[in-house]
Amino acid sequence: MSESPVFIAVHVGAGYLSRQNEMSYRTACARACKKAMLLLKKNGCSRDAVAAAIQSLEDDPITNAGYGSNLTFDGKVQCDASLMCGQEGDFGAVGAVAGLKNPILAARKMVEESSKGLLTCGRIPPMLLVGKGAFEWARDRDMPIVKENALVTDASVKTYLRHMQILASDPESPVDYGHDTVGAICIDAQGNIAAGVSSGGISLKSSGRVGEAAIYGSGCWAENPTNSSPGVACSTSGTGEQIMRTQFTSKCASRVLIQEDLQCAMNEAIEKDFLKSPFLRMYDEKSMGIITIKVEKGTSTRIEFWYAHVTESMGIGCMSGSSKAPKTFISRKSSKETMVSSGWLVT
């Protein structure tokens, strides 16, 4: 069987990405794409490439994932992450976990272990672990452990103090609490698809809160193509409660698989399953962004890439096996637009 073309795409979240930090966001995306592509060109699998890209983004303090994450109401870092493989639908996630340098590596390890089947005595391997249980599970498997305050940056403390001051002085004032979850989607040379996501969550969140980045069908989705059906990978960012309420990511993936036109599928998903969802009537503002690939098998593999967001901006990077360098950009929505929705044929 001929090899599939390889492709990686990443995002640094949908929300408000300041123009002042634009080059930092783009540099983070480029670095993540390069690290994933190094693996893919060495015949690495999509699972490992997605984990490597997200690990790179977690280590960059410009993102709200891993090092530099938003702080909880009591000033702590608690992270969510998940990863899904399209070959068998294996999924692994950690939620509200502290003390892990790279939460995505724990999610990756969970996917790896679940792919081996049942545990001893017929026990079911976990798909999602949270809090102390997630930390201990990862520690027992030699995941990188750090002191809880090691993931706190000066910038995250500054943001925390500013938000606490606003909360104390003007509790009715609207605040951007940051929804810039990071994520990646990928196809490897074997034609296997994977997707992942990682987040420090919204600023001033309640301790123990778990967002979409750890929830099945909410943060990411991946399905391999078959001879009769296309494949799809999605990674989503935004307000976790809104994404979970609408089950947007899995619904979007379903539309992509059913509809021939990727742009129509994406636009309909955003319009019908998110913006006009009856489950979001209580929200004055809605926040969501997504990157997607659609893969079709034939005499050659056809890959389409698409991104969309209803937020002011979204940071994106992507790279194919034939690219000399990653393509990175900050997509920005004008005040007159309901959404930005765009993409292109990769191969």
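## Helix α3, mostly covered

Let's start with α3, where 11 of the 12 residues are buried, so to speak leaving the helix mostly covered. Keep in mind that this is a predicted model. The helix runs over residues 103–114 and reaches 17 Å from its first C-alpha to its last, close to the 16 Å expected at 1.5 Å a residue.

## α3 meets α2

The axes of α2 and α3 come within 8 Å and cross at roughly 165°. Angles over 145 degrees count as roughly antiparallel, and α2 and α3 are therefore roughly antiparallel to each other. Their crossing is right-handed.

If you want to look at the contact itself, α2 brings Arg 47, Asp 48, Ala 51, Ile 54, Gln 55 and Glu 58. On the α3 side you'll find Pro 103, Ile 104, Leu 105, Arg 108, Val 111 and Glu 112.

## The eight-stranded sheet

Next up is an open, mixed sheet of 8 strands, in the order β4-β3-β2-β6-β5-β1-β11-β12. β4 and β12 (327–332) sit at the edges with a single partner strand each, so one side of each has no neighbour in the sheet. From one strand to the next, the twist averages 10°.

Zooming in, β2 and β3 pair in the antiparallel sense over 5 bridges, and Cys 79 has Val 97 in β3 as its bridge partner. α2 packs on this sheet too, touching β1 (7–15), β2, β5 (182–187) and β6, with its direction at about 155° to that of β5. Meanwhile, α4 lies across β3 and β4, running at about 110° to β4.

## The five-stranded sheet

There's also an open sheet of 5 strands with antiparallel pairing, in the order β7-β8-β9-β10-β13. Which strands stand at its edges? They are β7 (220–223) and β13 (340–345), each with a single partner strand, so one side of each is left without a neighbour in the sheet. Here the twist averages 10° from one strand to the next.

Inside the sheet, β9 (residues 288–296) and β10 (residues 302–309) form an antiparallel pair over 8 bridges, with Gly 289 opposite His 309 in β10. Helix α7 (residues 248–258) packs on the sheet against β7, β8 (231–238) and β9, its direction making about 150° with that of β8. Helix α8 (residues 262–275) packs on the sheet as well, touching β9, β10 and β13 at about 30° to the direction of β10.

Key: Residues numbered from 1 in each chain as written. Predicted model: local features only at pLDDT ≥ 70, side-chain atom pairs only at ≥ 80, totals over all residues. Heavy atoms only, no water. Helix = DSSP H or I, 4+ residues; strand = E, 2+ residues; numbered from the N terminus. Expected span 1.5 Å × (residues − 1). Buried < 20%, exposed > 50% of the residue type's maximum accessible area, 1.4 Å probe, protein only. Pairing = 2+ DSSP bridges. Axes fitted to C-alpha atoms, helices over the stretch in contact; angles between N-to-C directions. Contact = heavy atoms within 4.5 Å. Parallel < 35°, antiparallel > 145°, perpendicular 65-115°, else oblique. Left-handed = near helix turned anticlockwise from the far one by under 90°.
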